[in-house]
Amino acid sequence: MDIRLDAISHAYGETEVLRDISLEIPTGRIVCLVGPSGCGKSTLLRLIGGLERATQGRVLQLGTPPADCLNPLTYIFQDFALLPWRSVRGNVSLVLEDHGIRGARADAIIDDVLARTKLSDFSSALPRQLSGGMKQRVAIARALSVNPAVMLMDEPLSALDSQTRELLMDDLVALWTRQPFTAVYVTHNLAEAVRLGHRIVVLSRRPGEIRELVEIDKPLGERGYGDSDLEAIQKHLWDLMREEARAADEELLDV
Amino acid sequence: MSDNTQKSQPIEVRFRGGGFAPKSPRWVGFSVFVVLIAAIEIGTQSGFISSLTLPKPSDVLAAFGELWEAGLLFKHLAPSLSRLAIGGAIGASVGIAVGVMIGLFSYVRAGLVPLVAAIFPIPKIALLPLFVIWFGIDEASKYALIAFGTFTPTVVATYGAVDNVDRSLIRMGQSFGLSWFSIVRKIVLPGAMPGILSGLRISLAIAIILLVAAEMLGAEYGIGAYILQAGSLYDLERLFAGVVILSLLGVILSTIIGLVEKRLLAWRS
């Protein structure tokens, strides 16, 4: 299932946040959205998943999601959004219960996703006992359990320290290599974008417009920490963004 | 200058990070009670405190013993406890239900928040005559008074707690396509539980106050009636025995809520 953004514009009251965004998100690829802070990249992600309604333009699903897909558009949030009163297993089962999946069928799915995210030993732990990286892995397991057609990832690694971030990036690459998934990945971290993105969309500062599309052909599995060709792309992206980021930083927030 | 500091005697850095972290060591609270009661006992025995000012704690204990031996303790305690349980349960459950609705529905919020704000400051005791006319002089008017008194603080605590539920968790529920009912049951209610329970602590203390007030106005048996009888005879020993029972009741209720919190909110801390 592909996603097409058709001339999306969005405003909060008087403040124009996004202007005329048109974009294709092809199946099986990771599209990274980067841009200076406040450029509306998280807003765009909320629009794609239907958590907000665009002022103008439409988000279209092309084709039907696979039959075993319980929740086609599934988010992974920056703050993990785990229920603190449920165990790891309970947090995953939360999203299955509403689809009538309980008992042995649920157990099979939960065991599978926990194994894929290397959490099998922690299924009865509560979120407060887990490190940030583990919490995000629980959120990833929860997202995998509903077999999403498109994963919408809102700065999923931004709340983590840099070492955990590297480890989790490797995990994401491994997950994708095993079974390619479609994802829209919002980040302000260019290193993440060049490691995980097949296509990188650079947004300008507010109101966000598409400044450039960068395609990276190198397979995810072959990309590594500090690859020189990736560094070059990262530098190119930073050159595009530097002035914008500086200007965005000096803007007042409530105008 | 720098040479000077190098040669001079090293000074250990002074610790200045202590305090501002109160703990409650065991038995301190208990000792305060013991010391206070012992001081009053000694004062009254020696005549330093006249018997008109305060009764001797030992006499209060004796009055308590009499009450026990005459079998009157449970005759007074049983109706009081059942009034507290029924009235409190009605008030708390209706209060939680209304509070959750205020937290969830715009029209209920717009309509009821001003109403609750208007009835919150009314001293409910002042309405007892009205309740007697509406519900009769029997138990029903006492239930109504206690229920009404626990209702308002429970409503306010509950809708505040619902408002404070982490919105990002609710967005998460929506993004996974959970039904409205599931979001309320699995995300909103557990998330509001800490606030609801701390509201109940206050509501139940108010329920005890209103229980006594209701019983003072018309009851044959009950802790309130017992205190009223003792008070009208200026029998300070029995009056204090009644007051001690009420205090104990408050402590027990608060302990029970503490245990419920420990059980239901084990995920915190």
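A: Between chain A and chain B, ten residue pairs are in polar contact, both residues at pLDDT 80 or more. A polar contact is a pair of N or O atoms within 3.5 Å; within protein, one must be able to donate a hydrogen and the other to accept it, and residues adjacent in sequence count only if both atoms are side-chain atoms. On the side of chain A that touches chain B, β5 (73-76), α2 (88-97) and α4 (132-145) each give two or more residues. Helices (H or I, at least four residues) and strands (E, at least two) are DSSP runs, numbered from the N terminus. That side of chain A holds 14 nonpolar, three polar and six charged residues. Here Ala, Val, Leu, Ile, Met, Phe, Trp, Tyr, Cys and Pro count as nonpolar, Asp, Glu, Lys and Arg as charged, and the others, Gly among them, as polar.

This is a predicted model: local features need pLDDT of at least 70, side-chain atom pairs count only at pLDDT 80 or more, and totals for chains, interfaces and linings use all residues. Residues are numbered from 1 along each chain as its sequence is written, chains are lettered from A and ligands numbered from 1 in written order, and side-chain values use heavy atoms, without hydrogens and water.

The interface has two salt bridges. In a salt bridge, a side-chain nitrogen of Lys or Arg lies within 4 Å of a carboxyl oxygen of Asp or Glu. B:K186 and A:E97 form one, at 2.8 Å, N to O.

In contact (heavy atoms within 4.5 Å) are 23 residues of chain A and 19 of chain B.
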